[in-house]
Structures are given as C-alpha cells and as structure tokens.
Amino acid sequence: MSTLKRILKEKIDAHRPRTTKLLKEFGDVKVGEVTIEQIIGGMRDIKSLVTDISYLDPLEGIRFRGKTIPDAMAALPKPAGKDYPYVEAFWFFLLTGEIPSMEQTKEVIEDFKSRSTIPQYVFDIIRALPKDSHPMVMLSTAVLAMQRESKFAKWYEEGFKKLDAWDTMYEDSTDILAKLPGISAFIYRLKYKNDKQIADPNIDFGSNFAHMMGIAAPYDDVARMYFVLHSDHESGNVSAHTTHLVASALSDAYYSLSAGLGGLAGPLHGLANQEVLRWLQEVMEKLNGEEPTEELMKKFVEETLDSGQVIPGFGHAVLRKTDPRYQQQREFCQKHLPNDKIFKYVDMLFHVVPPILLAKGKAKNPWPNVDAQSGVIQWFYGVQEYDFYTVMFGVGRALGVLANITWDRGLGYALERPKSLTTDMLEAVAGIKK
Ligand code: CMX
C-alpha cells in the first residue's frame with residue numbers, strides 16, 4: 001500500500017467515530033431553518049452538506065484543509081526553481097490534510113506515472129465526435145467512456161462492503177486524475193493544433209500538461225497554480241455537488257465526475273472564464289485597437305447589463321468579498337505580465353464593474369471571482385482558444401471533487417434525497433388563502 005493510501009486509511013478510520021457519534025447521539029439537533037426564498041432560490045445557503053476538505057468563508061474566501069491559499073502554496077513541496085507546488089503534493093494534502101514531504105510527493109508522482117496511460121479507445125471516441133463539439137463535451141465524454149475501467153464498479157459487483165468502499169473509489173479517482181493532463185492536452189491539440197499530438201514526457205502533473213499542450217516554461221507553473229486554485233470550493237457549488245450527488249447513488253468516480261463536469265460547463269459556473277474573454281474580445285473589436293477609457297468601459301458594462309446579460313467573472317453565490325483566487329492570479333499578472341493589454345482591461349474592470357453592480361442593487365456580491373482573471377493568463381501564454389478554458393478548470397476541479405467522493409465513501413455518507421413540495425403546499429405553509 002502506498003504511503004498516501006496508508007495515511008488516508010488511518011485518517012478515515014480515525015474520523016469515522018466522529019461522524020457516527022454526531023449521527024447516533026446528536027442526529028436531531030437543529031442546524032438551521034429553511035425559508036421559502038431558499039427553496040425557490042436555488043437552496044442558497046441551506047446548511048445541508050458536510051466536507052472537511054475545504055471551507056468557504058464568505059469574507060475570507062476558501063481554505064483548503066484549514067489553510068489559506070497563500071499558506072497552502074507556501075507549505076507544499078515545489079519543483080526546484082518553481083513558484084507553485086506539485087499538483088501531486090496538493091492531492092496528498094487534500095486527501096489527508098497533511099503536507100507531504102518531498103519523498104512522499106515523489107512517491108505520488110511515480111504512482112501517477114504508472115496510471116497515466118490513456119486507453120486508445122478514448123482517443124478514438126473523442127476523434128469520432130463532431131469537430132465543433134465543445135471541448136467540455138469531449139472531456140466529459142472521455143471520462144465517462146473510461147467507466148469500463150472502474151475498479152469500484154467491479155468490486156461492487158463482486159460484493160459490496162460499505163466500510164471498504166473508499167478503497168476502490170480512491171483507486172478510480174487516482175486513475176482518472178493521472179490521465180487528465182494527457183486527455184485535456186489531447187483535446188486541445190486535436191481541436192486547435194491540427195491533431196498534432198505531443199507525447200507525455202512523464203515528469204509531473206503540471207510539467208506534463210504544459211509539455212503536451214506544446215507551451216514552454218513558465219507555463220508548467222501556470223498550470224500548477226491554475227489546477228490548485230480551481231480544485232475545491234467546498235461542496236455546495238454545482239460541479240462539486242453534482243459529483244457528490246451522483247456518487248451518493250454508489251455510482252463510480254467516472255460517472256460522477258463526468259456528471260460534475262457537465263455542471264461546470266454552465267455559463268453561471270465554470271464557463272464564465274471563457275465568457276470573460278469573449279466579452280473582452282467584443283469590447284476590443286468595438287474599440288478597434290484603441291485603449292479604452294474608464295468611461296468607455298463603463299458604457300460597455302452598462303450596455304451588457306441593459307441587454308439582460310450578467311457580467312461574467314463578477315458576483316458569487318457565497319463570497320461577499322473579492323475572491324482570493326482572483327487576487328492570487330492578479331498578483332501573478334502584476335509580476336509576469338504587468339503591461340499586457342488584456343490584463344490592463346481586466347484590471348480596469350476591477351475598478352469599473354463593482355460600483356455599477358452596487359448601484360444596480362441586485363447582485364449580492366459585486367466583486368470579481370476566480371473566472372475574471374484566469375483567461376488573461378492563458379491568453380498571454382498562447383492559449384487563446386477560450387472555449388478550452390473550462391476544460392482546465394475541470395482538470396483542477398477534479399482534484400477537489402474526487403477527494404470529496406473518496407471521503408464520502410470513507411465516511412459512508414448516505415444516498416442524497418432531499419424532499420420536494422408542490423406550489424400548493426408552499427402557499428399553504430405561507431398562509432396564502434385561495
Ligand atoms: N452581473 C449581472 N447581474 C448579476 C451578477 C453579475 N455578475 N451577479 C449577480 N447578478 C444578479 C443575478 O443575476 C440576480 O438577478 P435576478 O434576481 O434578476 O435573477 C441577482 O443579481 C442576485 O444574484 P446573487 O444572489 O447575487 O447571485 P447568485 O447566487 O444568484 O448567482 C452567480 C451567483 C455567480 C451565478 C452570479 O453572480 C453570476 O451570474 N455571475 C456572473 C457569472 C460568473 O462569473 N460565474 C462564475 C462564478 C464562479 C464559478 O463558479 O466559476
């Protein structure tokens with residue numbers, strides 16, 4: 001058994017009595033109340049999920065395993081001369097809550113290498129899709145197509161033992177993760193680089209992805225930063241919740257992640273990063289190469305809102321401050337691409353959009369989220385095909401959601417099944433007489 005798997009098993013075994021105690025002895029303690037607004041309004045803020053992998057404070061932003069983004073980034077092992085940690089080390093950290101040593105990290109890297117070969121049928125299936133399929137369709141299809149490899153599904157057929165279910169879920173999750181850099185870079189080069197593929201150099205997650213994309217350093221570090229930042233945002237967001245929900249039916253990691261990626265592909269969620277760049281391109285076209293003034297930018301923002309669209313990259317269902325994932329990327333831009341034209345536009349939006357959203361009085365959070373800044377960095381390093389951006393979000397998000405469903409099985413979380421009411425019933429609860 002690998003060091004990571006052994007520590008994970010110890011952590012799960014140690015944690016189980018806490019969950020059991022809460023359930024058995026305190027099961028009827030009330031955590032909150034539910035209003036009609038919450039029921040009709042997308043279950044916003046109903047406290048009904050539990051995860052220890054990350055927690056999203058509305059004002060502070062995300063903490064992974066109790067650590068802020070800068071603290072986690074600083075503590076985790078990094079490749080020599082690089083600014084951002086090994087993705088493999090971060091996976092270890094998400095699963096166990098422990099910062100791995102360099103030696104433990106190297107063990108995970110070797111484990112990933114041994115699982116990274118992608119079956120030929122996956123490439124054949126992606127190639128068989130219509131060329132104009134969205135890259136998220138290709139990613140989700142590739143993951144789903146591999147379901148026949150599921151160790152969890154085979155093990156379930158042979159006889160299911162609830163307390164052991166995390167083992168094959170962990171195996172499937174690691175198998176999938178190890179293949180994602182290759183699958184996503186394949187999709188990119190198939191769609192945008194005439195299917196001229198580059199072989200896996202077998203270095204580490206971030207380096208492999210950058211190399212197979214065909215982009216030189218420091219893009220490997222950009223990839224590491226990007227995947228870590230997009231990994232987890234507690235478990236109520238659409239992609240995490242969908243993955244968890246599907247896994248709660250004891251569907252395996254392939255079915256569950258593929259479904260979660262479908263949720264990530266929505267414009268109110270992960271697609272917003274492509275929408276930011278699309279929106280900016282429209283602005284730049286209208287400007288015909290001229291530098292925009294703040295006044296002009298305000299006008300474009302107003303026009304977008306007046307046409308009934310949202311401003312992509314701004315607002316959040318939970319956050320009530322600027323997203324620290326946005327801040328991290330902004331700092332990266334200030335260091336590496338301070339004079340980039342698109343960065344300047346995005347930075348101008350940072351000043352222009354919030355007062356306008358505040359004045360309109362609708363959005364509960366007028367500040368930028370992770371998606372406002374991420375496309376700029378990709379664009380700068382040559383990934384200008386913005387409909388690919390959500391795929392990279394998906395690769396990062398896979399780390400978080402797969403860690404979560406491994407723990408879901410470890411703690412034996414139940415089949416998810418909320419209760420629905422009819423409108424008549426809600427009206428009766430509200431005291432509306434008809
Ligand atoms: N531009 C315009 N209007 C916005 C807005 C924005 N950026 N953000 C919120 N609003 C509007 C909502 O559309 C809603 O209007 P209606 O009452 O007419 O439906 C109102 O303000 C209240 O919304 P909210 O409670 O503040 O926000 P929600 O929790 O409903 O939605 C989110 C959150 C992210 C979907 C929303 O802010 C939005 O659409 N933002 C733009 C898209 C985006 O950047 N998504 C990425 C989020 C991060 C991620 O998951 O990747």
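These entries cover the ligand site and the cavities of a predicted model.

I worked on a predicted model, where local features need pLDDT of at least 70, side-chain atom pairs count only at pLDDT 80 or more, and totals for chains, interfaces and linings use all residues. Numbering runs from 1 along each chain as its sequence is written, and side-chain values use heavy atoms, without hydrogens and water.

**Ligand.** I looked up the shell (a heavy atom within 4 Å) and found 21 residues around the ligand, the closest being His-269, Gly-313, Phe-314, Lys-364 and Asp-371. By class, this shell has eleven nonpolar, six polar and four charged residues; Gly counts as polar.

I then looked up polar contacts (N or O pairs within 3.5 Å). A polar backbone atom of Gly-313 is 2.7 Å from a ligand oxygen, and a backbone N or O atom of Phe-314 lies 2.8 Å from a ligand nitrogen. The side chain of Asn-369 places an N or O atom 3.0 Å from a ligand oxygen. Of the ligand's 890 Å² of accessible area on its own, the protein covers 76% (Shrake-Rupley, 1.4 Å probe).

**Cavities.** I searched for cavities (points on a 1 Å grid over the protein atoms alone where a 1.4 Å probe fits but cannot get out; lining residues have an atom within 4 Å of a point). There are three of 30 Å³ or more.

Conventions
Polar contact = N/O pair within 3.5 Å; in protein donor to acceptor, adjacent residues only side chain to side chain. 1 Å grid on protein atoms, 1.4 Å probe; cavity = no way out; pocket = protein on both sides within 12 Å on 5 of 7 lines; lining within 4 Å. Points joined across faces, edges and corners; volume = space filled by probe spheres on them.
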